[in-house]
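Try each task before you read its solution.

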Amino acid sequence: MHIKDYIAILDGLSIEYLREVDLSKYCTYGTGGKGKIMVFPKSFEELKACLDCDMPAVAIGFGSNLLFSDYGYDGVIVNTSKINKIEIRGSLIVAQSGAMLSKVSETAEYNCLSGLEFTEGIPATVGGAVCMNAGCFSKSVSEYVSYVVTNKAVYNNASCNFSYRSSIFDKNNNEVIYSVGFVLKPSEIDIIESKKERFKKLRKSSQPHGKSCGSVFLNDGYFAGKVIDVAGLKGYAIGGAKVSEKHANFIINTGKSSNDIYKLIKYVKNKVYETQNIKLKEELRYVGRFDD
């Protein structure tokens, strides 16, 4: 489908969109070129219409687990920020994909529902968190997912094919999460607050400040931060990208180039393989074209 035909569809349905978008404003690294078109659906019908096309598409939430190319992105970028409602149905919380995970956890706390305390401080939307099966401290969001609604189907927990930092939804960019049902357990609010405070302190003590995407590499049978440290790469920098001296699985960005970050990631992977015969795998997602 030609971009002009796609825009005609959006205009006909009064779906909000932007052209030639500065992608650096839509990710936590603060880098990236121009996006050809970014759409902002506000309902299930609008989300479905945005994706029922022959154009490549990618969905974004808070942008905390991706790296936009300096060349930009020529496909459709589906921004879920305006699909963000949260509902309480007994012990079930139904949250739309663009709702911040922190807001879902806060809503759970106010309604004396326990389970998502470990997500305290994770900068992600519901859609992004479920797509990548986000987690920390030996817990993952998949443990609390009852069902997932996308623009194409409804999935129960088993059919989501959850695994470590992965799900069926990270395999198809033209299928995007619309809403998620989380099953939680009733609890006392002071117990919930205590758990959240404990996780907040753990995160604060172990994670560095600065522009980053969180953990760059998967802890896939090893602790990525440890093997990067053993390779002597703490503090190593390429341009404005630097391996954190506090936690080696974080790359901190002080510049404006996604390519610096990309080159540093490749350098770290090569160095760890050379020194320890370990093949690191990225946790972050690349959007657009990158030159090796």
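**Exercise 1.** Is N161 buried, partly exposed or exposed?

*Solution.* Note that the model is predicted. Start with the place: N161 lies in the loop between β12 (154-156) and β13 (177-183). Next, take its relative accessible area, which is 46%. Buried means under 20%, and exposed means over 50%. N161 is therefore partly exposed.

Now check the backbone. Most residues other than glycine have a negative phi. Phi of N161 is near 55°, a positive value.

**Exercise 2.** How are α3 and α5 oriented to each other?

*Solution.* Take the angle: helix α3 (residues 101-110) and helix α5 (residues 189-206) pack at about 150°. Their axes are 9 Å apart. Angles over 145 degrees count as roughly antiparallel, so α3 and α5 are roughly antiparallel. Then list the contact: α3 brings S105, E106 and E109, while α5 brings I189, I192, E193 and K196. Sorted by class, that gives 2 nonpolar, 1 polar and 4 charged residues.

**Exercise 3.** Which side chains make polar contacts with the side chain of E282?

*Solution.* Locate E282 in the loop between α7 (258-276) and β18 (285-287). One partner is K269, at 3.0 Å. Another is Y286, at 2.8 Å. Beyond its neighbours within four places in sequence, E282 has contacts including V216, F217 and I265.

Conventions
Residues are numbered from 1 along each chain as its sequence is written. This is a predicted model: local features need pLDDT of at least 70, side-chain atom pairs count only at pLDDT 80 or more; totals for chains, interfaces and linings use all residues. Side-chain values use heavy atoms; hydrogens and water are left out. Axes are lines fitted to C-alpha atoms, for helices over the stretch in contact, and angles run from 0 to 180 degrees between N-to-C directions. Helices (H or I, at least four residues) and strands (E, at least two) are DSSP runs, numbered from the N terminus. Angles under 35 degrees count as roughly parallel, over 145 as roughly antiparallel, 65 to 115 as roughly perpendicular and the rest as oblique. Contact means heavy atoms within 4.5 Å. Ala, Val, Leu, Ile, Met, Phe, Trp, Tyr, Cys and Pro count as nonpolar, Asp, Glu, Lys and Arg as charged, and the others, Gly among them, as polar. A polar contact is a pair of N or O atoms within 3.5 Å; within protein, one must be able to donate a hydrogen and the other to accept it, and residues adjacent in sequence count only if both atoms are side-chain atoms. Buried means under 20% relative accessible area, exposed over 50%, partly exposed in between (1.4 Å probe, protein chains only).
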